[in-house]
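Open the model in your viewer and keep the sequence panel beside it.

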Amino acid sequence: MFSKKKNNELKAIRGAITCEQNSIASIEIAVKELLNELLKSNQLKPDQILSITFSVTKDIDVCFPASIARKQMGLEKVALLDCQQMFVENDLRNCIRILAYAWLPSNKEPNHPYLRIASKLRPDR
C-alpha cells in the first residue's frame with residue numbers, strides 16, 4: 001500500500017482518448033486503454049490516485065466512464081466523477097478527457113497520455 005512520504009507531491013495528470021462510436025463497448029475499450037496508459041506511463045498504483053474527473057464530449061451519452069473505471073483496476077476507492085465537456089464547434093468527436101490527481105515522487109514529472117485522435121490535442125507530446 002502506498003503511503004505519503006516527504007518526497008511525494010500531489011500532482012495533476014491530464015489525458016484524453018477518442019472512442020470509435022457512442023456505444024458502451026467502444027467507450028469501455030477506450031476508458032480501459034486510457035487508464036492502463038495512465039497507470040503504466042506514470043508507474044502508478046491505484047492507491048496513489050486521489051481522484052479522476054472524466055469529461056466527455058456531448059456525443060457520448062450511453063454510459064458513464066467513471067462507472068467503467070470503478071469496476072476495474074482497483075479503482076473502487078478512488079473518487080471518480082463524470083461531467084460533460086464544454087461544447088466547442090469543430091472540437092474532437094467522441095472524446096473522453098481525464099484530470100487525475102495522484103501522489104508522485106517530487107522529482108518525477110507526470111506523463112500526460114493523449115491517445116488515438118486525441119493526440120492532436122497536445123501536438124507537443
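Which side chain does the side chain of N22 join in a polar contact of 2.6 Å? Select N22 and D61: their side chains are the two partners. A polar contact here is a pair of N or O atoms within 3.5 Å; within protein, one must be able to donate a hydrogen and the other to accept it, and residues adjacent in sequence count only if both atoms are side-chain atoms.

A word on the model before going on. This is a predicted model, where local features need pLDDT of at least 70, side-chain atom pairs count only at pLDDT 80 or more, and totals for chains, interfaces and linings use all residues. Residues are numbered from 1 along each chain as its sequence is written, and side-chain values use heavy atoms, with hydrogens and water left out.

**Stop 1: stay on N22**

N22 sits in the loop between strand 1 (8–18) and helix 1 (24–41). Helices (H or I, at least four residues) and strands (E, at least two) are DSSP runs, numbered from the N terminus. Now show the backbone of D59. Its oxygen lies 3.3 Å from a polar atom of the N22 side chain. Leaving out residues up to four places away in sequence, N22 touches I27, D59, I60, D61, V62 and N94. N22 counts as partly exposed, at 28% relative accessibility. The classes are buried (under 20% relative accessible area), exposed (over 50%) and partly exposed in between, with a 1.4 Å probe and protein chains only.

**Stop 2: zoom out**

Show the whole chain as a cartoon. It has 2 helices and 4 strands, in the order β-α-β-α-β-β along the sequence. The radius of gyration is 14 Å, close to the 14 Å that the globule rule gives for 125 residues, so the chain is as compact as a globular protein of that length. That radius is taken over C-alpha atoms, and the rule is 2.2 Å times the number of residues to the power 0.38. Along the principal axes, the C-alpha atoms fill a box of roughly 45 × 35 × 20 Å. Of the 125 residues, 45% count as buried. Among contacts with a separation of 6 or more, 84% come from residues 24 or more positions apart.

**Stop 3: select R97**

R97 lies in strand 4 (residues 95–105). Is R97 buried or exposed? It is buried, with a relative accessible area of 14%. Its side chain makes a polar contact of 3.4 Å with the side chain of D91. Beyond neighbours within four places in sequence, the contacts of R97 include G15, A16, F54, Q85 and L121.

**Stop 4: select L10**

L10 is in strand 1. At 39% relative accessibility, L10 is partly exposed. Residues up to four places away aside, L10 touches L50, Y101, A102 and W103.

**Stop 5: two positive phi values**

Most residues other than glycine have a negative phi. Select Q43, in the loop between helix 1 and strand 2 (49–56). Q43 is not a glycine, yet its phi is positive, about 50°. Q43 is exposed, with a relative accessible area of 64%. Finish at R116, in the segment after strand 4. Phi of R116 is also positive, near 55°. R116 counts as partly exposed, at 30% relative accessibility.

Definitions and conventions. Contact = heavy atoms within 4.5 Å.
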